[in-house]
Structures are given as C-alpha cells and as structure tokens.
Amino acid sequence: MVGLVGVGAQPGSFILADVARAQIAAGQDDDRKRHEDEQRRAGERRPQQRRVNGARHRHGRCARDARRRWTWAVEVGIVLFWNFSYEALRSATPTRKIAAFENADAVERLGAALRINWELTLNQLFLDHTWLADFASYWYQLAHETVTVATLIWLWRSHARVYRPLRSTLVGISLISLVAYRFYPLAPPRFALDGAVDTMLAHPVLFAGWDSITGLSNLYAAMPSIHVAWAVWCALAWNVAGSAPWRRWLWAYPAITALAVVGTANHYVLDAVVGAVAIAAGWQASRRIYDQQSFQHFQANGRGNTVLP
C-alpha cells in the first residue's frame, strides 16, 4: 500500500489508499467492540462466580468444622473411657498383701544396692517441715490429672501431628502399668518401711486418705509410679511439641513430682525410675509405629525437636 501512495503514484492509487485506511479503521472498531463485549460478559459472570465460590467455601468450612467436632468428640470419648477404665481396673486388681510385702523387701534391697534408698531421708525432711508435706500433698492430688488433661488438650488443638503418638504413649504405658499392678503388687514405703510416715494422713489436706477409707483404690499398686510416669510424659510432650527455648526447664515438673511421691512415703525411688523409663521406652515404640514422615516434616518446620535419641 505504501508503494501506491508514494511519489509518482497513479491518480487511482489515492482511492485505494483511502479504502485500505477505512478497512483498517473498521477492523479496529470491531476489535474494540469485541473486547468491550468480552469485558461486559466477564463482569456479568463475576458476581455469579463469587457466589458459587462463596457457597463452596462455606460448605467446605462447615464440613471441616463438622469433621473436627466429630473427631474431637471421639478423642474426648477415648480419653474419658481410658481414664475411667484405668481407675476401675486398678481398683479391681485383687489385693495380695503377702506378695506385696515380699516384693517390697526385694525393692528395698535393690534400692540399697543401687544406693538410691532415699525414702526415709526424704520422708523425715517432709515431717520436719510441715509446709513441704502440705505442698507435696496438694501437688500429689491436684497436678496429676489436671496437668495431664490440659497437656492433651493443648496437643490436640495446637500440635495435631504429634498428638496421636503421644496420646498412644500415655494410654499404652497406663495399660502396661495395670498389668504390672496385677502381677507385681508392691507395698509402698508407708506400709513396708519401719519409720516411714504417710504425711498425707499425718497432715491431711483436700482428699488425702480417702482411698484408704473408701477402698476405691488399690493400695498396693506402687510399681511403677503412674504419677511420675504421667509427669514425665507431660514434660516430654512440652519438649517435643514446644519451641520455646526455656521448655527444657519444664523437666522440673516430673522431678518435683518424684520428690512429692517419695517424700510422702507413697513410692520408692525405684518406682519413680521405672515410671520414667517406661515412658521413654513407650515414646520410642510409638514413634516407630506411627508414620515417620510426620515427625520429619514437623521437625523440618523448626517447631520443636524430640529430646529422646
């Protein structure tokens, strides 16, 4: 076309140039109208698509909430059933006093051989300082279940990846403890050691001594110490799932629990040691049973590290 309108072009070439320009302008107008039509149709579709997307989002959120509520109800049922079953089975374990005192003699000898027979020393310390005995009694009665349940709820709400293996560790060790109570009855120091005094009866607070009065507890279920086992489990959970740099100080909780159960003459030091070892072994087994990838992903995000090798 450029050649037709150049220098020396024939007179008819100007007419052809005008026709070409008109055709180009008409094509541009058609493109502009087509673009405007597409934008208008897209604008009409947007509200409808937003409504569809909003409905899908609400439906998905409702479904997720319903699943979460159902799963939460199942978990609460499992924990409550486990707790009541544990208490009932523990209380129903037949009393075997002769075997319990014979086993107590064996534990005393083993503790002396290992040089961890500190029961009478700690018990005398509690007797000399009434505030220590009262503190240990409150700690023994209140912290055991409240801290454990609070830790379970915290894990469920904030650390789902490790909730189930940790929960399974707690339940598994508790069930194994029931087997130990059935086949290895053990008289606690307050019954078996000469000079040991049950400080919870000597300085009663809250519900101290009710188990002896009501008969709803197995008085010879001492090995392992479930108080220490659950306390170690709580500290383990806080260190596995937590990320605060001070979380290692939370191991003081099972240490204080061990002092409380031994100082009140309810357990031997060896009971506490076995309880702690049982939780460590149960956690290692639980980690191998559950999907290892969940732990690797959890640790890769820098949200906590396991404290057991």
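The paragraphs below go from the overall fold of this predicted model to its nonpolar cores and then to one helix contact.

The protein chain is built from 12 helices and has zero strands, so its elements, read from the N terminus on, follow the order α-α-α-α-α-α-α-α-α-α-α-α. Of its 309 residues, 38% count as buried, while the chain exposes about 18100 Å², of which carbon and sulfur atoms supply 62%. Among contacts between residues at least 6 apart in sequence, 83% join residues at least 24 apart.

In soluble globular proteins, nonpolar side chains tend to be buried together. Here the largest nonpolar core has 52 residues, and those with the most contacts inside it are Leu-155, Leu-166, Leu-186, Trp-233, Tyr-268 and Ile-279. Two or more residues of this core come from each of helices H2 (97-113), H4 (130-158), H5 (160-183), H9 (226-241), H10 (252-263) and H11 (269-289), with H9 giving the largest share, 14 residues. Tyr-268, leaving aside residues up to four places away in sequence, touches a set of residues that includes Ala-104, Val-107, Leu-186, Pro-188, Leu-193 and Val-262, and also Glu-108 and Glu-119.

The axes of H3 (residues 119-128) and H10 come within 8 Å and cross at roughly 90°, and because angles of 65 to 115 degrees count as roughly perpendicular, the two helices are described as roughly perpendicular to each other.

Note on methods
Residues are numbered from 1 along each chain as its sequence is written. This is a predicted model: local features need pLDDT of at least 70, side-chain atom pairs count only at pLDDT 80 or more; totals for chains, interfaces and linings use all residues. Side-chain values use heavy atoms; hydrogens and water are left out. A nonpolar core is a set of buried Ala, Val, Leu, Ile, Met, Phe, Trp, Tyr and Cys residues joined through side-chain atoms within 4.5 Å. Buried means under 20% relative accessible area, exposed over 50%, partly exposed in between (1.4 Å probe, protein chains only). Helices (H or I, at least four residues) and strands (E, at least two) are DSSP runs, numbered from the N terminus. Contact means heavy atoms within 4.5 Å. Axes are lines fitted to C-alpha atoms, for helices over the stretch in contact, and angles run from 0 to 180 degrees between N-to-C directions. Angles under 35 degrees count as roughly parallel, over 145 as roughly antiparallel, 65 to 115 as roughly perpendicular and the rest as oblique. Accessible areas come from the Shrake-Rupley method with a 1.4 Å probe; for residues, only the protein chains shown count as cover.
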